[in-house]
Amino acid sequence: MARSIDCNKLTFSLYPHAHEMKMYESYYLNGKWDKGAIVDFHDIPLSPAANVLNYGQGIFEGMKAYYSVKGKVVLFRPEENAKRFEKSAYKLAIPGMTADKFMGAVQDIVKANIDFIPQCDDGRCSLYLRPVCIGIEPLLGVRAAKEYLFYIFASPVGPYFDKVGIVKLLARNINRASPHGTGDAKAVCNYPVTMRPKQEAIADGYNDVIYLDPIKNQYIEEAGAANFFALMDNGSLVTPPLGTILPGITRESVIELAKKIYQMKVEERDLSVDEVISRARECFVTGTAAIITSVSDIGWNGKIHNINRNQYQLAHQLYEKLINIQLQKESDPFNWVRVVQ
Ligand SMILES: Cc1ncc(COP(=O)(O)O)c(C=O)c1O
């Protein structure tokens with residue numbers, strides 16, 4: 001029976017009744033994936049020597065299912081998550097799986113948890129889906145595991161940042177990823193380094209950190225779980241280039257909208273914190289969970305810089321457009337929305 005989930009109370013955290021929900025799991029043993037199955041949400045038995053616990057061989061994805069205004073359960077560009085999962089797997093020597101297996105599992109997990117999809121008309125709440133793949137073989141020497149678990153769990157969620165939709169970010173001389181490393185994969189090993197900086201930024205009154213490039217320590221890479229954009233004084237929309245950052249699906253969608261719907265000039269190039277502070281009219285971050293969240297201030301070199309000279313107008317415009325497409329309130333010119341059958 002459909003749960004009555006109060007969207008106003010949902011935050012971006014694991015649902016307290018997750019144990020009443022279903023999860024998907026599939027094992028890779030003896031060189032092949034099994035069929036996979038929907039099971040009750042449960043703890044995972046792992047050897048203390050499991051590869052993921054000792055050497056961090058694990059990847060994940062983040063996607064969301066929600067009701068559109070047409071009353072359909074939909075997903076946003078799930079094929080892109082399947083592709084990124086495959087690329088992340090390759091980078092960490094995790095065995096691949098067909099896109100059909102990934103997509104089938106995603107559809108199954110949504111259907112199995114259909115009663116937990118929040119009903120919300122502004123797109124801020126959804127059923128967040130977390131596909132994960134981890135090396136589970138017990139081992140001691142450093143090498144890729146021979147056994148894996150691919151699972152997906154789900155949780156009704158609200159906004160990633162607080163409900164206001166505006167954040168203060170602290171630019172810090174801290175690197176999340178290095179060239180030729182794993183920054184462009186959604187690998188679990190990329191996230192522990194962000195925990196202390198984020199904790200310290202929050203203690204200082206910020207919401208998150210802007211990580212900088214590892215060579216000059218002055219160019220913006222991305223926030224903890226979102227990509228960065230700045231509208232410059234000449235009207236161009238600038239975002240850091242791919243390479244060490246996560247190739248966000250929302251990032252790519254925003255670039256398409258800005259270029260093709262609003263005929264804006266979009267530049268993917270190095271963007272220093274100093275340039276943003278002196279030239280940006282408006283900044284925002286993008287992500288499946290963050291959607292499009294405006295940035296009011298950036299802390300840098302001991303000072304707080306207000307960078308909202310445009311009343312968040314572009315972020316609002318792009319947010320409305322993206323959400324309207326996602327919720328099927330408007331036509332879907334790029335064919336991004338998939339109905340769960
Ligand atoms: C480090 C990082 N950057 C960017 C993003 C945004 O990516 P997407 O738009 O695909 O959710 C995420 C979230 O998944 C992330 O973890």
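Analyst: A residue is called buried when its relative accessible area is under 20%, exposed when that area is over 50%, and partly exposed in between, with a 1.4 Å probe and protein chains only. By this rule Ala 93, with a relative accessibility of 46%, counts as partly exposed. What you see is a predicted model, in which local features need pLDDT of at least 70, side-chain atom pairs count only at pLDDT 80 or more, and totals for chains, interfaces and linings use all residues.

Helices (H or I, at least four residues) and strands (E, at least two) are DSSP runs, numbered from the N terminus. Strand β10 covers residues 208-212, and because five of its five residues are buried, this strand is largely enclosed by the rest of the structure. In a regular strand the side chains alternate between the two faces of the sheet. In β10 both faces are covered, with Asp 208, Ile 210 and Leu 212 buried on one side and Val 209 and Tyr 211 buried on the other.

The next step is to find the neighbors of β10, keeping in mind that two strands pair if DSSP finds at least two bridges between them. With β9 the pairing is parallel and extends over four bridges, and Leu 170 has Val 209 of β10 as its bridge partner. β9 and β10 also belong, together with α4, to a right-handed β-α-β unit; a crossover is right-handed if, with the strands pointing away from the viewer, the path from the first strand over the helix to the second runs clockwise. With strand β11 (residues 220-223), β10 pairs in the antiparallel sense over three bridges, and here the partner of Ile 210 is Ala 223.

If you follow the chain between β9 (166-172) and α4 (195-203), you pass through a loop that holds His 180. Because its relative accessibility is 85%, His 180 counts as exposed.

A hairpin of three residues joins β15 to β16, and Val 285 stands opposite Thr 293 of β16.

Strand β16 also contains Val 295, which is buried, with a relative accessible area of 0%. Contact means heavy atoms within 4.5 Å, and, not counting residues up to four places away in sequence, Val 295 touches Val 167, Leu 169, Cys 283, Phe 284, Val 285, Ile 307 and Tyr 312. Val 295 and Gly 165 are 130 residues apart along the chain, and their C-alpha atoms are separated by 8.6 Å.

One of the residues that Val 295 touches, Tyr 312, sits in the loop between β17 (303-306) and α7. Tyr 312 is buried, with a relative accessible area of 14%, and its phi is near 60°, a positive value in a residue other than glycine.

The loop that holds Tyr 312 leads on to α7. Two packed helices are described by the angle between their axes and the distance between the axes. Helix α7 (residues 313-326) packs against helix α5 (residues 249-261) at an angle of about 110°, with their axes 11 Å apart; axes are lines fitted to C-alpha atoms, for helices over the stretch in contact, and angles run from 0 to 180 degrees between N-to-C directions. The contact is made by Thr 250, Ser 253, Val 254, Leu 257, Ala 258 and Ile 261 of α5, together with Leu 318, Lys 321, Leu 322 and Ile 325 of α7.

How values were computed
Residues are numbered from 1 along each chain as its sequence is written. Side-chain values use heavy atoms; hydrogens and water are left out.
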